[in-house]
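Dear colleague,

Please find below the structure that I am handing over to you. I would be grateful if you could look through it alongside the notes that come after it.

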Amino acid sequence: DVKGTKISNIQTDNKFLPYWERNFYEAKITKHLEGIDRDKPILDAGCGDGRFTRLLLEKGFKNIYALDSSIESLLLLNSYLKANSFANNVSLVHASVEDMPFVDNIFNSCIAIGCIYYLNENYENGLNEIARCLCSDAIFIESSPDKYGCATKALVYDGIDKYLEVIETNQFLEYFDGQPLKLKCFSDDQVHDIYKRFNLNIIHK
């Protein structure tokens, strides 16, 4: 498994998940940001090395804030921006999604792809912080693991006991550098309830 830092380098290699999910995410982002003013600020929360920051640039966005807690990721993105003359279009921000250095209601739109769920027990803190920074009519595109999708994967690869564990605990297992890590996952109803608490209306899933 690869998290954040070097995803842009592997998303063209079909041995890795980012290769298979790339077209799906790019199509969704393009669709839901259609008609958004390209000059207004947009946040790429948990940008990693910028695989979707690059997409925003390709779609003509000129005022992008790319935020990540990994300085290594931001340095990789910075190298790309300088090499491709995009440095004036992207502000790099070294911070956690849980504590972002922005005033309230600043962003017209935000993407957070494969990001917030890594906060695990602090997922709702991160979501609340993003909601604080969004305008009232902003577009927010987020991806988090589906509980029943994670449970089905556990059933196929690890058996019925692991399937039941995901269902009962709302947690699934990922590996980073060979080490197991349990992360939160949610059902559709749980996602709707959480978003409602932060005055976020789900218009498409």
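Predicted model: local features only at pLDDT ≥ 70, side-chain atom pairs only at ≥ 80, totals over all residues.

Salt bridges

The count of salt bridges comes to five. One of them joins the side chains of Asp104 and Arg132, with an N to O distance of 2.6 Å. Asp104 sits in the loop between strand E3 (90-94) and strand E4 (107-113), whereas Arg132 belongs to helix H5 (residues 123-133), so this pair ties together parts that are 28 residues apart in sequence. Asp104 is partly exposed, at a relative accessible area of 46%, and Arg132 is also partly exposed, at 25%.

Arg132 has a further partner in Glu129, where the closest N and O atoms are 2.8 Å apart. Glu129 and Arg132 are three residues apart in helix H5, and about one helical turn therefore separates them. Glu129 counts as buried, with 12% relative accessibility.

Another salt bridge pairs Glu165 with Lys162, the closest N and O atoms being 3.6 Å apart. These two residues are three apart in helix H7 (residues 160-169), which again means a separation of about one helical turn. Glu165 is partly exposed, with a relative accessible area of 24%, and Lys162 is partly exposed as well, at 38%.

A buried lysine

Lys147 lies in helix H6 (residues 147-158). Lys147 is buried but has no salt bridge, and the nearest side chain of opposite charge, that of Asp146, is 9.4 Å away. What the side chain of Lys147 does make is a polar contact with the side chain of Asn170, at 2.9 Å. Beyond its neighbours within four places in sequence, Lys147 is in contact with several residues, among them Val166, Ile167, Cys185, Phe186 and Gln190.

A surface patch

Helix H6 also holds Leu155, which is partly exposed at 38% relative accessibility. Together with Ile160 and Leu164, Leu155 forms a nonpolar patch on the surface, and the three have about 240 Å² of accessible area together.

A buried leucine

Leu55 is located in helix H3 (residues 51-58) and is buried, with a relative accessible area of 3%. Apart from neighbours within four places in sequence, Leu55 is in contact with Glu26, Ile29 and Thr30. The C-alpha atoms of Leu55 and Glu168 are separated by 37 Å, and these residues are 113 apart along the chain.

With kind regards

Definitions and conventions. Residues numbered from 1 in each chain as written. Heavy atoms only, no water. Helix = DSSP H or I, 4+ residues; strand = E, 2+ residues; numbered from the N terminus. Buried < 20%, exposed > 50% of the residue type's maximum accessible area, 1.4 Å probe, protein only. Lys, Arg positive; Asp, Glu negative; His and termini not counted. Salt bridge = Lys/Arg side-chain N within 4 Å of Asp/Glu carboxyl O. Polar contact = N/O pair within 3.5 Å; in protein donor to acceptor, adjacent residues only side chain to side chain. Contact = heavy atoms within 4.5 Å. Patch = residues over 30% accessible without salt bridge, like charges linked within 9 Å, V, L, I, M, F, W, Y side chains within 5 Å. Areas by Shrake-Rupley, 256 points an atom, 1.4 Å probe, with all protein chains shown as cover.
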